[in-house]
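Trainee: Please walk me through this model, one feature at a time. I would like the general idea first and then the case at hand.

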Amino acid sequence: MLITAENLSVRHGEAVVLTGVDFTLAPGEIVTVVGPNGSGKSTLIRALIGLEPAATGRVSRAPGLRIGYVPQKLHIDAGLPMTVRRFLSLPRRVSDAAAAAALARVGVPGLGPRPLARLSGGQFQRVLLARALLGAPQVLILDEPTQGLDQPGTAAFYRLIEEVRAETGAAVLMVSHDLHVVMAASDRVVCLNGHVCCAGTPKVVSAAPEYRALFGLGTGGAFALYRHVHDHEHDEGHGHDPAAPHKAHPSAHVHGPECRHDA
C-alpha cells in the first residue's frame with residue numbers, strides 16, 4: 001500500500017473533525033473522497049500526507065513516497081508577468097523538453113509562452129496537472145480540481161485523469177463535489193461525514209442508504225454527460241472537448257466492495 005490509515009482521528013482544538021477512519025490507497029487506483037461541507041474531506045487529505053497530526057490512530061506512507069498535488073484554487077495576480085513555462089519551473093527548474101512533454105501529456109501543447117493570467121479555467125487546471133506530473137509522482141492528489149469548470153470541461157478533465165493513471169501507474173486520490181462524474185471515474189469512493197459512513201465501489205456506494213441520505217437519488221446531468229462522451233470517444237475516436245486527449249483506456253483496480261455504517 002502507498003498510504004494506510006488505521007483508526008485515524010483528528011482534532012482541531014477541542015473539536016473532533018474525524019474519528020475512527022480506516023483508509024488504504026494502493027498503486028494505480030483512483031479513490032475519491034466525497035461528503036458534505038464540513039465533513040472533514042480536506043482534513044483527511046492533509047492527515048494522510050502528514051500535514052495534520054493524528055489525535056489517535058496512525059498513518060503509514062511508503063518510504064520516499066512521491067506526491068503530486070493539484071490544488072482547488074491558485075490565485076494568480078493578473079498583473080504578474082509569469083508565463084506557463086516559468087511557472088512549471090517553480091520551485092525546481094525543469095528542462096524545456098520536460099516542460100513541453102508535460103504540457104503535451106495533459107492536452108495543452110504549446111502553451112509554454114502564454115501568460116498564466118490569460119489561460120481559461122480548463123487550461124489552467126491542465127497546467128497545474130502538468131506541474132504535478134513533472135515530479136513523476138506515485139500519488140496524485142487533487143482537491144476539487146474542476147471547481148469553476150462547466151460540465152464538458154469537468155468530464156474532459158476526469159477522462160484525462162483516467163488516462164494519466166493508465167499510462168503512469170500513479171494512484172489518484174481526489175476530493176470532489178462532482179458526485180456523478182466521480183462515480184463514473186473512480187475505482188473506489190469513500191463517503192465521509194466526520195467518519196467513514198460508506199466506502200466501496202461506485203456501484204455499491206451509490207446504492208448505500210448512508211450515501212443516499214447525504215446526497216439523494218438523482219443521477220445528474222454530469223454523470224450522463226461523462227458516460228456519453230467517454231463511450232463516444234471509445235467508439236468514434238473523438239469527443240466534445242478539442243483540447244482533451246482523444247482516447248481513454250481506464251484500467252480497473254477495483255477493491256472488494258464494502259459498505260458500512262460506523263456508529
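**Reading helices, sheets and cores**

Mentor: Let's begin with a helix: the buried residues of α3 pack against α2 and α4 (121-133). Here buried means under 20% relative accessible area, exposed over 50% and partly exposed in between, with a 1.4 Å probe and protein chains only. Packing rests on contact, that is, heavy atoms within 4.5 Å. Helices (H or I, at least four residues) and strands (E, at least two) are DSSP runs, numbered from the N terminus. Keep in mind that this is a predicted model, where local features need pLDDT of at least 70 and side-chain atom pairs pLDDT 80 or more, while totals for chains, interfaces and linings use all residues. Residues are numbered from 1 along each chain as its sequence is written, and side-chain values use heavy atoms, without hydrogens or water.

Trainee: Which residues of helix α3 are buried?

Mentor: In α3 (residues 96-105), the buried ones are Ala-99, Ala-102 and Leu-103. They lie on the same side of α3, because their arc around the axis is only 95°, taken from the directions from the helix axis to the C-beta atoms. Just after α3 comes Gly-107, whose phi is positive, about 85°.

Trainee: How many helices and strands does the protein chain have?

Mentor: Nine of each. The chain has 263 residues, and 48% of them count as buried. Take contacts between residues at least 6 apart in sequence: 71% of these join residues at least 24 apart.

Trainee: What order do the strands take in the sheet of six?

Mentor: For any sheet, ask which strands pair; two strands pair if DSSP finds at least two bridges between them. This open sheet runs β5-β6-β7-β3-β8-β9, with mixed pairing. Its edges are β5 and β9 (196-200), each pairing on one side only. From one strand to the next, the twist averages 15°. Helix α1 (residues 41-48) packs on this sheet, touching β3 (30-34), β6, β7 (171-175) and β8 (188-192), and its direction makes about 145° with that of β7. Axes are lines fitted to C-alpha atoms, for helices over the stretch in contact, and angles run from 0 to 180 degrees between N-to-C directions.

Trainee: Which residues of strand β5 are on its covered face?

Mentor: The idea to carry along is that in a regular strand the side chains alternate between the two faces of the sheet. In β5 (residues 67-70), Gly-68 and Val-70 form the covered face, whereas Ile-67 and Tyr-69 form the uncovered one. Four bridges link β5 to β6 (residues 139-143) in the parallel sense. Ile-67 faces Val-139 in β6, and Val-70 has Leu-142 as its bridge partner there.

Trainee: Is Pro-71 buried or exposed?

Mentor: Pro-71 is buried, at 14% relative accessible area. It sits in the loop between β5 and α2 (84-88). Beyond its neighbours within four places in sequence, Pro-71 contacts Gln-125, Leu-128 and Asp-143. Pro-71 and Glu-144, 73 residues apart in sequence, are 7.3 Å apart in space, C-alpha to C-alpha.

Trainee: What order do the strands take in the sheet of three?

Mentor: That open sheet reads β2-β1-β4, with antiparallel pairing. Its edge strands are β2 (15-25) and β4 (56-61). Neighbouring strands are turned by 25° against each other on average, direction ignored. Helix α1 packs on this sheet too, touching β1, β2 and β4. β1 and β2 pair over seven bridges and form a hairpin with two residues between them, where Gly-13 in the turn has a positive phi of about 65°.

Trainee: Which residues have the most contacts inside the largest nonpolar core?

Mentor: In soluble globular proteins, nonpolar side chains tend to be buried together. A nonpolar core is a set of buried Ala, Val, Leu, Ile, Met, Phe, Trp, Tyr and Cys residues joined through side-chain atoms within 4.5 Å. The largest one has 44 residues, and Leu-116, Val-127, Leu-129, Leu-140 and Leu-142 have the most contacts inside it. Helix α4 gives the most to this core, with seven residues. A second, separate core of 27 residues includes Val-10, Ala-62, Leu-65 and Val-139.
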